[in-house]
Amino acid sequence: MNLGLGGLFWVVLQRDLMVAMRRWSDICNPVIFFVLVVALFPLALNPRAEFLRALAPGVLWIAALLAALLSLNQLFRADIEDGTMEQLLTLPYPLGLVILAKTLAHWLVTGLPVVVVAPMLAITYHLPADAIGILLLSLLIGTPTLSLLGSIGAALTAGLRQSGVLLALMVGPLMLPVLMLGARATDIALSGDDPTGPLYLLGALLALALSLAPPAAAMAIRISAD
Amino acid sequence: MITFNNLFQKRILVQDGAPPGWRFREVELLTGTGLTLWRGANCLFDKLSFSAAPGGALLIRGPNGSGKTTLLRVIAGLTLPEEGEVHGNGAPLSRRDESGRHVMAYCGHATALKPDLTTLENLRFFARLSGYPTDSLGELLAASGLVACADLPARVLSAGQKRRAAFARVLMSGARLWLLDEPQTNLDSAGRQFLERMLQEHLATSGTAVIVAHQAVDLGSAPTAVLQMGETA
């Protein structure tokens, strides 16, 4: 029988994960970058515990954002180059859903590892356990938002040859609210206050990106693939 | 020997429970009217019109750079023309017919194979997208001469083998409208025969094909219209 929308989502997601698993270096790059940046700060700066603790939310979030930016370039590029996107475009399925599946696959292999290693790195910054919990939660809500926002830029620049810097300039400003709210939530938790405010706002941004980014990226992909 | 008809019928029986041969519910005429497209200062085509009836083929010919591929992309809906429209039976070409099958199968220069996946994995993806039963993929691979490289990563396939895999994808789609861009590229003589048999079978079951071709294609008795694209302006 014909593929339902859920089936389509699952088939595309599964295929993208399979392709990613065959290319380990692509998966490892963002998380290695994240670990390197975060691990280098204490070496170069004053290693006093209270100083590092105050620095941690900002450093971890900036590194997460840069790692996300670094990986976005490849989101649709390969599909456009090898003709897969032409096939997906001529299918009788909503393209936004295909984009959403591809973005989720991308986040699972580039964003999720960052979220997983972040608490371990946070320990080296002397973060207390409850602040680590909030950091984890803010990254878990924030990094999918980064991937979704980035998918619009990646779709717009997928047809260009040298698009790395352009992509960063384009989607960087869109990502700033996520950076500010995520770092702020962790910071508030660090000072012992209630961080639900910024977390709710992060959640709202995720909902907004989840509903608006895939159709926008779908329109952009049609232009890029032309 | 596996015939393409068998492959088609299997798909239809498994998919819809419809009797063999009952492939298209309605006769669909493909028409393009007044198509105009500019690329920069170059006019690729101006007020171009064509039509292809079910069971017939439209051959697009013309020198390099005369806009053949672009025209095919316009028909596929991948490129928007400045003016004019492509219609299926008078209505804008939809991507799904009323029985849910895909309307068109586009086979461009790029073969849409992921280099890191095996041939079988690549084809399984498209089989699942178009509702082709994955357990008959073996027969399809045999028919397209790809059994030996079923488990090889697509990156080691030769250009001709990749093209055969792309044809297998077209066969799986079950679409009534095939859009083939220079399908004979990189094929050996057996590959050409495979392509021609596949096309003849498709046209005999009242499918439609639009083919960009430089060389002659033997389409048997199927009515063939030739669209000559302009000498480059």
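Between which helix and which strand of chain B does the loop that holds B:Ser206 lie? In this predicted model, for which local features need pLDDT of at least 70 and side-chain atom pairs count only at pLDDT 80 or more, totals for chains, interfaces and linings use all residues. Residues are numbered from 1 along each chain as its sequence is written, and chains are lettered from A and ligands numbered from 1 in the order in which they are written.

B:Ser206 lies in the loop between helix 6 (189-204) and strand 8 (208-212) of chain B, where helices (H or I, at least four residues) and strands (E, at least two) are DSSP runs numbered from the N terminus. Its phi is near 55 degrees, a positive value in a residue other than glycine, and B:Ser206 is partly exposed, with 16 other C-beta atoms within 10 Å. Here a residue is buried if 20 or more other C-beta atoms, placed from the backbone, lie within 10 Å of its own, exposed if 12 or fewer, and partly exposed in between. B:Ala112, in the loop between strand 6 and helix 3 of chain B, also has a positive phi, near 60 degrees, but B:Ala112 is buried, with 23 other C-beta atoms within 10 Å. Most residues other than glycine have a negative phi.

Chain B comprises 6 helices and 9 strands, and 39% of its 233 residues count as buried. Helix 2 (residues 68-76) of chain B is mostly covered, with 8 of its 9 residues buried, among them B:Leu72, B:Ile75 and B:Ala76; the helix is followed by B:Gly77, whose phi is positive, near 85 degrees.

An open antiparallel sheet of 4 strands in chain B has the order 2-1-4-5, with strand 2 (42-52) and strand 5 (91-92) at its edges; strands pair if DSSP finds at least two bridges between them. Strand 1 (residues 30-39) is joined to strand 2 by 7 bridges, and B:Leu35 stands opposite B:Leu48 in strand 2.

The contact between the chains takes 24 residues from chain B and 20 residues from chain A. On the side of chain B that touches chain A, helix 3 gives the most, with 4 residues. The buried residues of helix 1 are A:Leu8, A:Val12, A:Arg15, A:Asp16 and A:Val19, and they lie on the same side of the helix because they cover an arc of only 95 degrees around the axis, the arc being that of the directions from the helix axis to the C-beta atoms. The face turned away from this buried side carries the exposed residues A:Gly6 and A:Met21.

Terms used. Contact = placed C-beta atoms within 7 Å.
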